[in-house]
Amino acid sequence: MAKTYYDPADLRKFGKITEWNEELGNKFFDYYGKVFEEGALSAREKSLIALAVAHTEQCPYCIDAYTQDGLQRGITKEEMMEALHVGAAIKSGATLVHGVQMMNKVNKLEM
Amino acid sequence: MIKSLQKRESDLANANRQLELLSNGIFANGELPTFKDKIAETNQFPLTPNKLEILQINLGYMCNQVCEHCHVDAGPDRKEIMTRETMMQCLEVIKKTEAHTLDLTGGAPEMNPEFRWFVEEASKAGIKDFIVRSNLTIIRANKKYYDLPEFFKKHNVHVVSSMPHWTRGKTDKQRGEGVFDKSIKALQELNAVGYGMPDSDLRLDLVYNPSGAFLPGDQASMEKEFKKALKEDFNIQFHSLFAITNLPISRFLDYLIASDNYEDYMHSLVEAYNPAAVSSVMCTNTISISWDGWLYDCDFNQMLELKVASKVKHISDYNEELLQDRKIIISQHCYGCTAGAGSSCQGTVA
């Protein structure tokens, strides 16, 4: 058994998920590939979005994958860090905006 | 400035040691298939030449730079350079060859004291595409090189130059402190004499290779990014960008091992293997000639001291017909030329 839950080498095995359900696995990878093609957004922009989401989802596989993908695309570390701050701002904003609910509740309950 | 592996007396300065490393470990224990087994899957073994198109001549390993990824292990401390005698033997071949492209490389080929004489003589042979691979900084390295843009123009040389990124940080990290600023200045000087301008016949192409343990991105997208940034930031223009994969040999191999990236990098190369690239890898249309006149399937095999598998092994015995009838020597470094869209000195191949 692996000593940790996450093994970096497992990322390379991602494609094997099709082995236990070929139809759904293939549909997922077809969809995934299509999403990252050049479209109204460039593949470069999509890579930066993926990197930011990888961090907000705290997925170590995705962080490794999209850091490497960004480097391959010539994305600079300054651009990567800015993308992360967008993710972090939304994440912290999403926490703080719930403060309104807290305030509403307090205001309703308190005399 | 770092020293060459040879000067440091590194284990990896030895070609046999590199070949051992590339054949052992993950390739010996079955974790990854050897290149031979991989190309055999699509009946492409043995690899044989197509029509000869390019004669690539390495004028020497001496260079004013010591780039971290250099597959030549070039640097100021390397003294191996081609003599006029060997150049004369090359000229005899250039006059008769079927190849349409002559490609001078190094080190910094301009540092060879016979460089200008050789270019003048070779340009008389009527070769269609005459390339000089210039590292750019040589143009600004010393007063005696300042007129190189004019010299290149006079002989209608096609200039191909390395430029790892459009930002200072990434460029200097790979190629040394101050390289970016000198390269920008050199590019502006090449533009000033007409190189790289949209309607100019004076061709100026840039070579991008990744500054680390990752593969190059899509060549067309990278070219777009480079063109936009260099034009906006420095008013520099060029024709095409060649995206080249770093092959795991020499100083790049040393870097991969020292940074604990070797196995992951080899996995990346094997995962990106593209069988469609195999039939047009550069060893199938190129002969590489070393500073001392030996013949190789490519510049990488030259650095691994893998001479052509032919009766003809030296420029003094050159025979194009016999050379065409050879099997190309391969090893695991060849995965670097078949990854993704493929990689060659002329960029992608598939």
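**Figure 1. Asn21(A), in the segment before α1 (22-35) of chain A**. Helices (H or I, at least four residues) and strands (E, at least two) are DSSP runs, numbered from the N terminus. Asn21(A) is exposed, with 11 other C-beta atoms within 10 Å; a residue is buried if 20 or more other C-beta atoms lie within 10 Å of its own, exposed if 12 or fewer, and partly exposed in between, with C-beta atoms placed from the backbone. From Asn21(A) to Gly39(A) the C-alpha to C-alpha distance is 29 Å, for a separation of 18 residues in sequence. This is a predicted model, in which local features need pLDDT of at least 70 and side-chain atom pairs count only at pLDDT 80 or more, while totals for chains, interfaces and linings use all residues. Residues are numbered from 1 along each chain as its sequence is written, and chains are lettered from A and ligands numbered from 1 in the order in which they are written.

**Figure 2. The crossing of α2 (43-56) and α4 (77-97) of chain A**. The two axes come within 8 Å and cross at roughly 50 degrees; axes are lines fitted to C-alpha atoms, for helices over the stretch in contact, and angles run from 0 to 180 degrees between N-to-C directions. α2(A) and α4(A) are therefore oblique to each other, since angles under 35 degrees count as roughly parallel, over 145 as roughly antiparallel, 65 to 115 as roughly perpendicular and the rest as oblique. Among the contacting residues are Leu48(A) and Leu51(A) of α2(A), and Met80(A) and Leu84(A) of α4(A); two residues are in contact if their C-beta atoms, placed from the backbone, lie within 7 Å. By class, the residues of this contact are eight nonpolar, three polar and two charged. Ala, Val, Leu, Ile, Met, Phe, Trp, Tyr, Cys and Pro count as nonpolar, Asp, Glu, Lys and Arg as charged, and the others, Gly among them, as polar.

**Figure 3. The side of chain A that touches chain B**. Nine residues of chain A are in contact with twelve residues of chain B. On the chain A side, α2 and α3 (60-72) each give two or more residues, and α3(A) gives the most, with three. This side of chain A has two nonpolar, four polar and three charged residues.

**Figure 4. Leu55(B) in the largest nonpolar core**. A nonpolar core is a set of buried Ala, Val, Leu, Ile, Met, Phe, Trp, Tyr and Cys residues joined through C-beta atoms within 7 Å. The core has 112 residues, of which Leu55(B), Val159(B) and Tyr208(B) touch the most other members. Helix α8 (residues 179-192) of chain B supplies the largest share, six residues. Leaving out residues up to four places away in sequence, Leu55(B) touches residues including Val93(B), Ile94(B), Ile287(B) and Ile289(B).

**Figure 5. Helix α10 (residues 250-258) of chain B**. Seven of its nine residues are buried, so α10(B) is largely enclosed by the rest of the structure. Phe252(B), Leu253(B) and Tyr255(B) are among the buried residues. The buried residues of α10(B) pack against α1 (15-23), α11 (262-271) and α13 (299-303) of chain B. After the helix comes Asp260(B), with a positive phi near 60 degrees.

**Figure 6. Two cis peptide bonds of chain B**. One joins Phe45(B) and Pro46(B), with omega about 0 degrees; Pro46(B) is in the loop between α2 (35-40) and β1 (54-58) of chain B. Another joins Gly106(B) and Gly107(B), with omega about 25 degrees, and Gly107(B) lies in the loop between β2 (101-105) and α4 (115-122) of chain B.
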